[in-house]
Amino acid sequence: MAQVDVSINGRVYTVACGDGEETHLIELGRMVDERVSQLTGAVGQIGDAKLLVMASLLIADELYEAQSALER
């Protein structure tokens, strides 16, 4: 099992992943970091936990909308 370092909001998280999935996981981390950066621009530094929850909810909403569009 591989491990990669993902930087989100200036903090580095070491995350395990399957062999060969490292590049994909790093790219996902960049996407989350970008979303968190957008949130901090809008609401400021409100704490890592709240920012990650808000980013997760926004990403989940996008996924829900995409799935709904595919079903239509």
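Predicted model: local features only at pLDDT ≥ 70, side-chain atom pairs only at ≥ 80, totals over all residues.

Me: Which pattern does the protein chain follow along the sequence?
Reply: The pattern is β-β-α-α. That is two helices and two strands. Both are DSSP runs numbered from the N terminus: helices are H or I with at least four residues, strands are E with at least two.

Me: What does the C-alpha trace span along its principal axes?
Reply: About 35 × 35 × 15 Å.

Me: And how much of the chain is buried?
Reply: Buried residues are 21% of the 72. Buried means under 20% relative accessible area, exposed means over 50%, and partly exposed is in between, with a 1.4 Å probe and protein chains only.

Me: OK, helices. At what angle do α1 and α2 pack?
Reply: About 115°, with the axes 9 Å apart. Helix α1 covers residues 22–43 and helix α2 covers residues 48–71. The axes are lines fitted to C-alpha atoms over the stretch in contact, and angles run from 0 to 180 degrees between N-to-C directions.

Me: Which residues of α1 and α2 meet?
Reply: From α1, Val32, Arg35, Val36, Leu39, Thr40 and Val43. From α2, Leu51, Leu52, Met54, Ala55, Leu58, Ile59 and Glu62. Contact means heavy atoms within 4.5 Å. The residues of this contact divide into ten nonpolar, one polar and two charged. Here Ala, Val, Leu, Ile, Met, Phe, Trp, Tyr, Cys and Pro count as nonpolar, Asp, Glu, Lys and Arg as charged, and the others, Gly among them, as polar.

Me: Stay on α1. Which of its residues are buried?
Reply: Leu25, Gly29, Arg35, Val36, Leu39 and Thr40. Seen down the axis of α1, these buried residues fall within an arc of 145°, so they line one face of the helix. The arc is that of the directions from the helix axis to the C-beta atoms.

Me: What do the buried residues of α1 pack against?
Reply: They pack against β1 (2–8), β2 (11–17) and α2. The face of α1 turned away from its buried side carries exposed residues, including Thr23, His24, Arg30 and Glu34.

Me: And what follows α1?
Reply: Gly44 does, with a positive phi near 85°.

Me: Where is Asn9?
Reply: Asn9 is in the loop between β1 and β2. Its phi is also positive, about 55°, although Asn9 is not a glycine.

Me: Now Thr14. Buried or exposed?
Reply: Thr14 is exposed, at 52% relative accessible area. Thr14 lies in strand β2. Leaving out residues up to four places away in sequence, Thr14 touches Gln3, Val4 and Asp5. Thr14 and Gln3 are eleven residues apart in sequence, and 6.5 Å apart C-alpha to C-alpha.

Me: Last one, Lys50. Which helix is Lys50 in?
Reply: Helix α2. Lys50 counts as exposed, at 54% relative accessibility. The C-alpha atoms of Lys50 and Val36 are separated by 10.0 Å.

Technical notes:
Residues numbered from 1 in each chain as written. Heavy atoms only, no water.
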